[in-house]
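Let's take a walk through this model, one site at a time. Keep the viewer open as you read.

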Amino acid sequence: MSTTTHAIAAAAPGGPLAPATIERRDLRPGDVLIDVAYVGICHSDIHQVNQEWGTAIFPMVPGHEIAGVVAAVGADVTKYQVGDRVGVGCMVDSCGECEYCLAGTEQFCVKGAVLTYNAVGYDGEPTYGGYSRQIVVKDAFVCRIPEGIGLDVAAPLLCAGITTYSPLRQWGTGPGKKVAVVGLGGLGHLAVKLAVAMGAEVTVLSQSLKKQEDGLRLGAKSYFATGDPSTFDLLEHRFDLILNTVSSDLPIDSYLSLLRVGGAMVNVGAPPNPQSYNVFSLIAGNNVLAGSSIGGIAETQELLDFCAQHGLGAEIEKISADQINPAYERVANSDVRYRFVIDASTIGA
Ligand code: NAP
Ligand code: ZN
């Protein structure tokens with residue numbers, strides 16, 4: 001048994017994205033049915049539609065930055081009620097029993113966390129993401145969106161927000177710390193806002209100075225163009241933390257040279273190609289080159305509460321469903337300011 005809902009899907013690798021209908025399962029006792037209000041376009045959607053990360057499942061309904069309102073709940077759900085404002089991010093299930101699930105880091109589940117789309121659930125059914133009118137999700141993977149944050153500017157927090165919040169926290173962002181954010185896109189602009197709210201001194205490292213005014217308005221203290229080679233001389237040994245949000249290849253050694261002794265460069269950007277670096281770039285300053293994967297559900301709730309407290313949300317360009325394909329082009333060209341958010345009421349309308 002299931003219910004048909006309108007969605008936007010890629011029928012085959014490379015797209016285009018086009019209207020489709022999909023089935024959502026009937027509510028199990030622990031499920032929540034969500035009327036999607038807004039869904040962000042993450043660069044990960046584009047990587048996956050284009051199969052840049054390896055073989056993907058088609059048809060694909062992308063979307064893991066979902067904000068909406070609870071429309072119905074299963075018999076055992078006590079945490080949510082009809083009408084609650086909620087969000088869903090990159091995961092919709094995990095085993096709940098392994099050491100990582102118990103530690104609140106479901107993304108590392110030993111059985112394998114079930115991703116919101118381009119995955120197969122434990123029931124053997126493919127998962128379809130948030131570019132749709134409705135979604136059914138297990139209550140443990142639903143977060144509450146606090147009053148005070150609009151659902152439209154909250155949607156990107158469910159992936160871009162948590163993916164930057166988690167490493168910023170892990171690597172000690174706070175007063176007295178100098179943080180560089182590489183790439184001012186969806187993740188990058190939220191990284192700037194969050195690191196500033198945490199009290200750090202933030203620098204944006206962008207390909208050009210085109211978005212400088214915005215970067216400074218978001219709270220960055222300084223802004224440099226990485227296309228200008230003198231930037232790397234000027235900023236040598238400057239930063240405690242470099243958060244790399246770039247979706248394509250980067251000269252890692254040049255960035256490592258910007259770290260203070262003991263500083264870390266953390267990669268959240270997920271370019272399809274292998275990246276390389278010279279080990280001496282790390283040895284020279286006891287430096288760390290790390291990665292970071294989204295964040296757990298409890299930490300995502302913590303992030304949403306942090307954003308409500310600090311009056312933070314994403315900077316968005318709201319679009320209708322028929323504008324998704326040109327929006328993908330603009331994201332691929334680093335021309336988004338700073339997250340496209342789809343008005344889900346236009347899907348199938
Ligand atoms: P985005 O909005 O496209 O932002 C990426 C930014 O990187 C661009 O705005 C651009 O900023 C910069 N950039 C792009 N191409 C570049 C190049 N060739 N050289 C230097 N800089 C370049 O993408 P996003 O949605 O923020 O996602 C960023 C990456 O994070 C993607 O690879 C995505 O898949 C990944 N991601 C990872 C996780 C995780 O768990 N680790 C979670 C979500 C997303 P400037 O114009 O300012 O230079
Ligand atoms: Zn994402």
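## Ground rules

A polar contact here is a pair of N or O atoms within 3.5 Å; within protein, one must be able to donate a hydrogen and the other to accept it, and residues adjacent in sequence count only if both atoms are side-chain atoms. This is a predicted model, where local features need pLDDT of at least 70 and side-chain atom pairs count only at pLDDT 80 or more, while totals for chains, interfaces and linings use all residues. Residues are numbered from 1 along each chain as its sequence is written, chains are lettered from A and ligands numbered from 1 in the order in which they are written, and side-chain values use heavy atoms, with hydrogens and water left out.

## Around ligand 1

From the backbone, a polar atom of L184 lies 2.8 Å from a ligand oxygen. On its own, ligand 1 exposes 920 Å², and the protein buries 89% of that (areas come from the Shrake-Rupley method with a 1.4 Å probe; for residues, only the protein chains shown count as cover).

The shell has 30 residues, with H43, L184, L187, S206 and R339 the closest; a residue is counted if one of its heavy atoms lies within 4 Å of the ligand. They split into 12 nonpolar, 16 polar and two charged. Helix 1 (43-49) and helix 5 each supply at least two shell residues, and helix 1 gives the most, with three. Helices (H or I, at least four residues) and strands (E, at least two) are DSSP runs, numbered from the N terminus.

## The zinc ion

Ligand 2 is a zinc ion, and its protein donors are C42 (SG), H64 (NE2) and C159 (SG), 2.0 to 2.2 Å away. Donors are N, O and S atoms within 2.8 Å of the metal (3.2 Å for Na, K and Ca); water is not among the atoms, so sites may look incomplete. Along the chain, the spacing reads C-x21-H-x94-C. C42 is in the loop between strand 3 (31-40) and helix 1, and H64 is in the loop between helix 1 and strand 4 (66-73), so the pair ties together parts that are 22 residues apart in sequence.

Both C42 and H64 are buried, meaning under 20% relative accessible area, with exposed set at over 50% and partly exposed in between (1.4 Å probe, protein chains only).

## Q48 in helix 1

Back in helix 1 you'll find Q48, which is buried at 10% relative accessible area. Its side chain makes a polar contact of 2.8 Å with the side chain of Y117. Leaving out neighbours within four places in sequence, Q48 is in contact (heavy atoms within 4.5 Å) with W53, A56, F58, M60, Y117 and N118.

How many of the 11 residues of helix 4 (residues 160-170) are buried? Nine are, so the helix is largely enclosed by the rest of the structure. Its cover includes strand 10 (178-182), helix 5 (186-197), strand 13, strand 14 (259-267), helix 10 (297-310) and strand 17 (339-343). After helix 4 comes G172, with a positive phi near 75 degrees.

P156 lies in the loop between helix 3 (151-154) and helix 4 and is buried, at 0% relative accessible area. P156 and R339 are 183 residues apart in sequence, yet 7.2 Å apart C-alpha to C-alpha. Not counting residues up to four places away, P156 touches E65, G161, L190, A314, I316, R339 and V341.

D240 is in strand 13 (residues 239-244) and counts as partly exposed, at 21% relative accessibility. The D240 side chain has a polar atom 2.7 Å from the backbone nitrogen of K178 and makes a 3.0 Å polar contact with the side chain of R260.

N287, in the loop between helix 9 (280-283) and strand 15 (288-291), is buried at 11%. Its side chain reaches the backbone oxygen of G263 at 3.0 Å. R260 and G263 turn up in the contacts of D240 and in those of N287.

Notes. Ala, Val, Leu, Ile, Met, Phe, Trp, Tyr, Cys and Pro count as nonpolar, Asp, Glu, Lys and Arg as charged, and the others, Gly among them, as polar.
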